[in-house]
Amino acid sequence: MRSYLYSISGLFVCMAASGNAFTSSASRQTAPELRKRTSIFWGDGKNAAPAVLCEVENIPVLEPIPEGFKRLFMVRHGEVINPGGDRAVYYGAMDVPLSPLGELEAIEAGAYLSKFNLQHVASSPLSRAKFGAKQVLTRQTAVDEKNNDTTDIIIFDGFRELDRGSWCGKTKDEIGAELMARFDACDESVTPGDGGESYRTLKARVLKARDELLAITDVGRASAIVSHLQVTRAMLSEAMGLDIQELAGLKIATASITCIDYCSTSGREIVRFQSFKPECGLGKSTDGAN
């Protein structure tokens, strides 16, 4: 059994993962302002991070940044046009475009983050992430031109998506289900050629870029990262204390937002919510091979 510490509406809650469900050792608050909130789980299975949902606005309830902490919002890009067409192929770090739906999803994620005064907006160098970062940045400037100090997107190569190497352009069947399972279990011997990366290599460079962003984010401030599925998984798995073999099981929807607070002195990490996707009436995205 593994335990995680989360903050839910001011409570520090110990979530114990056992089997396929989370159990909470804390009782709900009963203050009048919290009666409209319900505890939910984003995603499914043992890797789902808990959050509190406001039934009226359908958004997570987010406390102010605690004293001594910094906050990062992690946004996955929207739905893409799979380069295989009807064949759902793996594309990894290929620079594939967003679909029309994916662009709308990115706009909605940017609209959600307009509620927060972000110090920096960081992005992967890939165009699908940069589009989303521009939506975040544009809405930051529009909301608070005088007090906003985010003037341009900061590109971090470390936030580039996992490079699938020689597996790019192939379906799961063409790669082989057994090879994919071994790869997801972090068997380094099956890392694809032609520049392909393992999850360990990915996580090392992602956390290095994350630390560089945290270093330029002031205590008490928040910054955003617009990147990819595996990049977000790398940071979330670190915050949750998961083994590297569990990274591939984390649920991160297209154009969803994950929020983590970081203590500037102890390095403690608190997951606020995982894979929140604003409900705005858009169609369901296709999220296959990545």
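F183 is tucked away from the surface: its relative accessible area is 3%, so this residue is buried (under 20% relative accessible area is buried, over 50% exposed and in between partly exposed, with a 1.4 Å probe and protein chains only). The model here is a predicted one, where local features need pLDDT of at least 70, side-chain atom pairs count only at pLDDT 80 or more, and totals for chains, interfaces and linings use all residues. Residues are numbered from 1 along each chain as its sequence is written, and side-chain values use heavy atoms, with hydrogens and water left out.

Seven aromatic pairs turn up in the structure (rings of Phe, Tyr and Trp, the last by its six-membered ring, pair if their centres lie within 6.5 Å; planes under 30 degrees apart are stacked, over 60 edge-to-face and the rest tilted). Y112 and F116 make an edge-to-face pair, 5.6 Å centre to centre with 65° between the planes. F183 pairs with Y199 in a tilted fashion, because the ring centres are 5.0 Å apart and the planes sit at 50°. Since F183 belongs to helix α4 (residues 177–184) and Y199 to helix α5 (residues 199–215), this pair ties together parts 16 residues apart in sequence (helices are DSSP runs of H or I with at least four residues, strands runs of E with at least two, numbered from the N terminus). Y199 is buried as well, at 2%.

Ring pairs also join F73, Y112, F116, F273 and F276 into a cluster. Within that cluster, Y112 is buried, with a relative accessible area of 4%.

Then there is F156, in the loop between β8 (153–155) and α3 (172–175). Its relative accessibility is 9%, so F156 counts as buried.
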